[in-house]
Structures are given as structure tokens and as C-alpha cells.
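Q: I have a model open in my viewer and would like to learn how to read it. Could you walk me through it step by step?

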Amino acid sequence: MSPETPPPAGSVPAPAHKERLTKPQKLMRLLGGVLDPRAWAHLLKIVNYYNYTHVQPLRKVTRGPGVNISPTAAFSNPERIEIGARVNIGAGCVIWAGPSSGRIRIGDDVLFGPEVMLTAASYRYEDGHPVTQQAMDEADIEIGRDVWIGTRAVILPGARIGDGAIIGAHAVVRGEVPAMGIAVGSPARVVSSRKMNPDAAPLD
């Protein structure tokens, strides 16, 4: 049976092994990649993407002192983004203000886990086709001080998150989370409240 011939129905295929390249084959693969103009063209696209989603926007974002932003975070419409002091923004976070009016305001001492997304605008979907040509609804996002937002949480237009709140990983937040509330799930709901050490200094 040739390699191209499918096995008979009901038969169990033989165990497969991952192909292991020899050193000469690895060298040829390296040379092929270095000399391939398509690889360099793709690199230029990556540099361009990094420039218009990170380097240029950060010049327009309003930031307080001590902010720590991962080099893989992405921003859109940065003139409507305000970040407080000592905020930490993790790897792969996406922060998109609205294209016209939707603002994002982030308080002091907020911690973002990896791949958190904030968007102050969303496409309408009942006005016609295709969806990408429809208008967008915008609403401001307000995040208070000392908030912790877990990995891959999504914060939607109009969300209000109070001081000291915690947003669980993968939560989808629309609406209000009260101060010190702990919200999880999709859609996010408040399941508990943050208990502080009585000796801890209160927020001013």
C-alpha cells in the first residue's frame, strides 16, 4: 500500500513518529528562511503593526507616574485613554477606546493580568449587512483604584468597576461592579466582596 492510499475502512492506523531533521536539513531550513523574501516582508508587517498599536499610541495615552506596560499591549484611539499612577498592564492586553467619543479611564494601582481586553465601542448588528460596515455604539469605561482584573477578562462598553474590586479570569463585564466586589463569570456577577486586613491603610 502506498503512503497516499487511505487505509481500509475500520482499520487502525499505524502509530506515527514526528519527523526529526538532520543537522544538514536544519541548516538548509535556516538558510531557506533567511533568504526567503516573504519572511522579510512579513517581518515588516509585524514591525508596522507594533508601531501603530503600541509605539505611536503610547505617545498619546495620558499616563500617571510609575506605570508599567507590557511591550505586547495594544491600544486604539489613545487620545481617549487615561491611565492612573502605578498601573501594571500585562502581556497581550488590548485597550480600545471608542472611535468617536468612548473613553477609558483607569484609576491608580490597577493590576491587569495577561490578555485582558477593554473596548469602549461595539458594532451594531441589526442595521444591515455586513456587520463591519455598521455603526458602533460607544460608552465610557470607568475602572476605579486598586482593581485587579484577571487573565482574559473582557470589559465591555459602559462598564463601571468600583475601587478595590476584583474581576475573575475570563469574566465578561457589562454594567456595574461595586467597590470591593468580586465578580466572575460570563456575564460577570458579584459572588463575594473583598475583605481587607483591618490594619491596612484605607484608600484616600
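A: Let's begin with burial, where buried means under 20% relative accessible area, exposed over 50%, and partly exposed in between, with a 1.4 Å probe and protein chains only. By that cut-off, 29% of the 204 residues of the protein chain count as buried. Bear in mind that this is a predicted model, where local features need pLDDT of at least 70, side-chain atom pairs count only at pLDDT 80 or more, and totals for chains, interfaces and linings use all residues. Residues are numbered from 1 along each chain as its sequence is written, and side-chain values use heavy atoms, with hydrogens and water left out.

Q: How many helices and strands does the protein chain have?

A: Helices (H or I, at least four residues) and strands (E, at least two) are DSSP runs, numbered from the N terminus. The protein chain has two helices and 20 strands.

Q: What is the strand order in the open sheet of six strands?

A: Two strands pair if DSSP finds at least two bridges between them. The order is β1-β4-β7-β12-β15-β18, with parallel pairing. At the edges stand β1 (62–63) and β18 (176–177), each with a single partner strand, so one side of each is left without a neighbour in the sheet. Within the sheet, β4 (residues 81–83) and β7 (residues 104–106) are joined by three bridges, and Ile81 has Ile104 as its bridge partner in β7.

Q: Which residues of β19 lie on its covered face, and which on the uncovered one?

A: In a regular strand the side chains alternate between the two faces of the sheet. In β19 (residues 181–184), Gly181 and Ala183 form the covered face, while Ile182 and Val184 form the uncovered one.

Q: Which strands does β19 pair with?

A: Strand β16 (residues 166–167) runs parallel to β19, with two bridges, and Ile167 stands opposite Ala183. Strand β20 (residues 189–193) pairs with β19 in the antiparallel sense over four bridges, with Val184 opposite Arg189. Four residues lie between the strands of this β19–β20 hairpin, where Gly185 takes a positive phi near 95 degrees.
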